[in-house]
Amino acid sequence: MTEGITTVTVPVLLLGCGGVGRELLHHIVASRHLHSKRGVVLRVVGVRDSRSLLQVEDVATMGFDDAFLTEICRIKSSSSSLSALLDFGHCQLFKDSEATTKILDIAGLLGRTTGLSVVDCTASTETVGILKETVDLGCCIVLANKKPLTCGIDDYDKLISNIRRIRFESTVGAGLPVIVSVTRVLASGDPIYRIIGSLSGTLGYVMSEVEDGKSFSKVVLAAKSLGYTEPDPRDDLSGMDVARKALILARLLGWRINMDDIQVDSLYSNEHGPNSMSTEDFLRIGLPSLDRDVQERVSAASSRGKVLRYVCVIEGSRCQVGLQELPKDSPLGRLRGSDNVVEIYSRCYKDSPLVIQGAGAGNDTTAAGVLADIIDLQDLFH
Ligand SMILES: NC(=O)C1=CN([C@@H]2O[C@H](COP(=O)(O)OP(=O)(O)OC[C@H]3O[C@@H](n4cnc5c(N)ncnc54)[C@H](OP(=O)(O)O)[C@@H]3O)[C@@H](O)[C@H]2O)C=CC1
Ligand SMILES: N[C@@H](CC=O)C(=O)O
């Protein structure tokens, strides 16, 4: 620890230990030295997946040690159950409703006193209830999961009711500083009247690879293995994932809108949707059946000197996401791979917009954004 800095120990409770959640645990372990220089020690007190909660024996004083955190990641990446870790001792496992009760017990014990960070790295809507309760118990909330902020407006209002205790930078543009930039511009009294961007790492990667002659189905599978897609890639291909990002941005601008108010353009039809086939069947049979259509659309755009980009526009009373044909040499047309770009127009950024660009998907950058959010919140407790 650096001389003169008081050390604060921050408990962290992780919901979701998939690609992003595991990467977050790796980042926490790898950043210990750096955090200690800032006077922060992160103490992971529990990890929840879809089946159970694994928590330290005494949440008031203990945290999983780094060897244990690494073992959690190893066990989870081999698709084993968290229960396999009980042999290591000093931990407890709770399932189903008991897990929820225990999370609320931890939140009650540590929320107000320590600023316990409840970190949602699931892709589930099921966490909303528990997050709202932890808000009431004084916890800090950090989200990579977009779904809690894109439920009904009442849930949204509740979650952001203590705005100083919530961070959700990774929900839009992964680790890119989009939310913080919008928030700072607004806080300065500079009204934002237009946001336009390409906000899907998956669709950006897919379009630029198909332009290079690769098959759509193979490229989507590659995007999945690179950690760019949602657990069900149809969330990306339907435009819903971008629509969620658009809704988060629009609500941040003060718009009182819901998902139904957003125009969304899907790359597949209902016969390939979740009500018609499983994710596995879609990846095996549905995807290849879309190859020709996507290739033809990309080639047609190319014959006009254009490229296809999935664009999000928030302006006037319009919040819209969909494929657009754009000039190859335009800012969005030049994007390659999983890069995102966001242009923010306001009084100060009228002629020359505020532009944020860079890698917009992937477990590493997303988890880095989540970790930066956890650390940022801790300034409240110094
Ligand atoms: N990858 C990226 O580039 C980005 C991702 N994100 C967001 O990050 C989130 C996580 O993505 P990713 O890691 O790829 O997803 P994964 O599917 O890999 O992991 C999801 C995790 O959540 C767990 N889970 C599911 N339901 C629940 C529940 N009700 N309670 C607790 N845990 C639950 C799963 O449990 P189990 O292990 O048992 O299945 C799994 O561990 C998503 O919301 C995504 O949108 C945001 C920005 C960028
Ligand atoms: N699936 C998303 C990941 C980040 O939100 C994307 O492709 O952009």
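1. Helices (H or I, at least four residues) and strands (E, at least two) are DSSP runs, numbered from the N terminus. With that in hand, you can find an open sheet of six strands with mixed pairing, in the order S9-S11-S10-S8-S12-S13. Strand S9 (263–264) and strand S13 (354–359) are its edges, each pairing on one side only.

2. Please keep in mind that this is a predicted model, in which local features need pLDDT of at least 70, side-chain atom pairs count only at pLDDT 80 or more, and totals for chains, interfaces and linings use all residues. Residues are numbered from 1 along each chain as its sequence is written, while chains are lettered from A and ligands numbered from 1 in the order in which they are written.

3. Now the whole chain. The protein chain has 13 helices and 13 strands. Its radius of gyration (taken over C-alpha atoms) is 21 Å, close to the 21 Å from the globule rule (2.2 Å times the number of residues to the power 0.38) for 382 residues, so the protein chain is as compact as a globular protein of that length. The C-alpha trace spans about 65 × 50 × 40 Å along its principal axes.

4. Next, the domains, whose bounds come from an automatic or database domain assignment. Domain 1 covers 8–174 + 365–381, and domain 2 covers 188–359. Their centres, taken over C-alpha atoms, are 29 Å apart. Where they meet, 13 residues of domain 1 are in contact (C-beta atoms, placed from the backbone, within 7 Å) with 18 residues of domain 2.

5. Four bridges join S10 to strand S8 (residues 192–198), and the two run antiparallel. Across this pairing, Ile-195 stands opposite Ile-314, and Ile-196 stands opposite Val-313. Seven of the ten residues of S10 are buried, meaning that 20 or more other C-beta atoms, placed from the backbone, lie within 10 Å of the residue's own.

6. S10 also has a partner in strand S11 (residues 318–327): ten bridges join these antiparallel strands. Here Tyr-310 stands opposite Leu-323. Two residues lie between the strands of this hairpin, where Gly-316 takes a positive phi near 60°.

7. Finally, which helix lies across S8, S12 and S13? Helix H7 (residues 178–187) does, running at about 5° to strand S12 (339–346). Axes here are lines fitted to C-alpha atoms, for helices over the stretch in contact, and angles run from 0 to 180 degrees between N-to-C directions.

Notes:
Contact = placed C-beta atoms within 7 Å. Pairing = 2+ DSSP bridges. Buried ≥ 20, exposed ≤ 12 C-beta atoms within 10 Å, placed from the backbone.
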